[in-house]
Amino acid sequence: MEILLLRLIHIGAGVFWVGSVLTFHLFIQPAVIASGPAATGFTYQLLHHRRFSVAILTSGLVAVIAGITLLVITSNGLDPEILFGASRLGFTVGGAVAILSLGVGALYLFPRTRIVEATIGGLLAEGRPPTPAEQELLAHTGREARAAGWVVSIGLIVAVICMATASYWGLFL
Ligand code: HEM
C-alpha cells in the first residue's frame, strides 16, 4: 500500500516536472524571446502570479524525494548488489541523472528566473522601459537560463528513458 501511494506521488510529480520543463524550454521561452518587450506582462504573470518556476521546482523535489524513498525501499536500504544489479540499474542511473538535473534546476536555473521576475516586476511597477544596464542583465540572465534549460531538459529526457525501460534492462545486461 505504501509503495502504491509512493509510486502514484512519484510518477504524478515526475510527469508534471518533465512536462512543464520541456513545455517551458521548447515552447514558452522561445515565444517570449521572439515577442520581446511585448511579452513582459505575460512573463511576469507566469513567474510571479502563477508561480510557474516554483511549481516546477516543487514537483521536481516531490518526484525526487518519493523516488529516493522508493529506491531505498526496493533496494533493501541501498544495498549495492541490488542497486547496481541488472534488474534495478535503470532506476539507479535514471534517479542519479534526475537528481543532477534537479540540482542544476534548483541551484542555477531557478535563481535566474527570480532575477528576471524581480527586474521586470520593477519595470512594470514603475511603468518604464529597462535601462541599458537592466536590458543587459535580462539578456545575459536569459542566455544563462536558456543554456541551463538545455542541460535540465536533456537530463530529464535521459531520466525518463531510464525509468520507462528499467524493468527490461535485465533482458539485455
Ligand atoms: C525525471 C524524473 C522521474 C520520472 C519521470 C520518473 C518516472 C518513473 C516511472 C514512470 C516509474 C515506473 C517504472 C516502472 O514501473 O517500470 C518509476 C519508478 C521508479 N523510480 Fe522514477 N522517475 C523519476 C525520477 C526518479 C528519481 C530521482 C529516483 C530516485 C533517486 C527514482 C526512483 C525510482 C524507483 C526506485 C522506481 C521503481 C519503483 C518500484 O519498483 O516500484 N525516480 N519512475
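## An exposed residue, A164

A164 counts as exposed because 11 C-beta neighbours lie inside 10 Å of it; a residue is exposed if 12 or fewer other C-beta atoms lie within 10 Å of its own, buried if 20 or more do, and partly exposed in between, with C-beta atoms placed from the backbone. A164 is found in helix α6. The C-alpha atoms of A164 and F91 are 8.9 Å apart, although 73 residues separate the two along the chain.

This is a predicted model, in which local features need pLDDT of at least 70 and side-chain atom pairs count only at pLDDT 80 or more, while totals for chains, interfaces and linings use all residues. Residues are numbered from 1 along each chain as its sequence is written.

## Overall architecture

The protein has 7 helices and 0 strands, where helices (H or I, at least four residues) and strands (E, at least two) are DSSP runs numbered from the N terminus. Read along the sequence, the pattern is α-α-α-α-α-α-α. The C-alpha trace spans about 60 × 30 × 20 Å along its principal axes.

Of the 173 residues in the protein, 22% are buried. Among contacts between residues at least 6 apart in sequence, 84% join residues at least 24 apart; a contact requires C-beta atoms, placed from the backbone, to lie within 7 Å.

## Helix α1

Helix α1 covers residues 2-35, which gives it 34 residues. From its first C-alpha to its last it reaches 47 Å, close to the 50 Å expected at 1.5 Å a residue; the expected span is 1.5 Å times one less than the number of residues. At F24 the helix α1 bends by about 40°, the bend being the angle between axes fitted to the seven residues ending there and the seven starting there. After α1 comes G36, with a positive phi near 65°.

The buried residues of α1 are H10, A13, G14, W17, V18, V21, F24 and H25. An α-helix has 3.6 residues a turn, so residues three or four places apart point the same way. The cover over the buried residues of α1 includes α3 (52-74) and α6 (132-165). V21 illustrates this packing: leaving aside neighbours within four places in sequence, V21 is in contact with I56, V152, S153 and L156.

Helix α3 has 23 residues and reaches 33 Å from its first C-alpha to its last, close to the expected 33 Å. Its buried residues are S53, I56, S59, G60, A63, V64, A66 and G67, and they pack against α1, α2 and α5.

Helix α6 has 34 residues and reaches 49 Å from its first C-alpha to its last, close to the 50 Å expected. The buried residues of α6 are A145, G149, V152, G155, L156, A159, C162 and M163. What covers them includes α1 and α5.

## The nonpolar core

The largest nonpolar core holds 20 residues, of which W17, V21, A63, A98, L156 and A159 touch the most other members. Such a core is a set of buried Ala, Val, Leu, Ile, Met, Phe, Trp, Tyr and Cys residues joined through C-beta atoms within 7 Å. Helices α1, α3, α5 and α6 each give two or more residues to this core. The largest share, 6 residues, comes from α6.

## The surroundings of the ligand

The ligand has 26 residues around it, and G14, G67, G95, A98 and M163 come nearest; a residue is near a molecule if its C-beta atom, placed from the backbone, lies within 6 Å of it. The elements that give two or more residues to this shell are α1, α3, α5 (89-126) and α6.

By class, the shell has 18 nonpolar, 7 polar and 1 charged residues. Here Ala, Val, Leu, Ile, Met, Phe, Trp, Tyr, Cys and Pro count as nonpolar, Asp, Glu, Lys and Arg as charged, and the others, Gly among them, as polar.

## Loop residues with positive phi

R51 lies in the loop between α2 (40-49) and α3. Its phi is positive, about 50°, although R51 is not a glycine. R51 is partly exposed, because 13 other C-beta atoms lie within 10 Å.

N76 is found in the loop between α3 and α4 (80-83). Phi of N76 is near 55°, a positive value in a residue other than glycine. N76 is exposed, because 10 other C-beta atoms lie within 10 Å.

Key. Contact = placed C-beta atoms within 7 Å.
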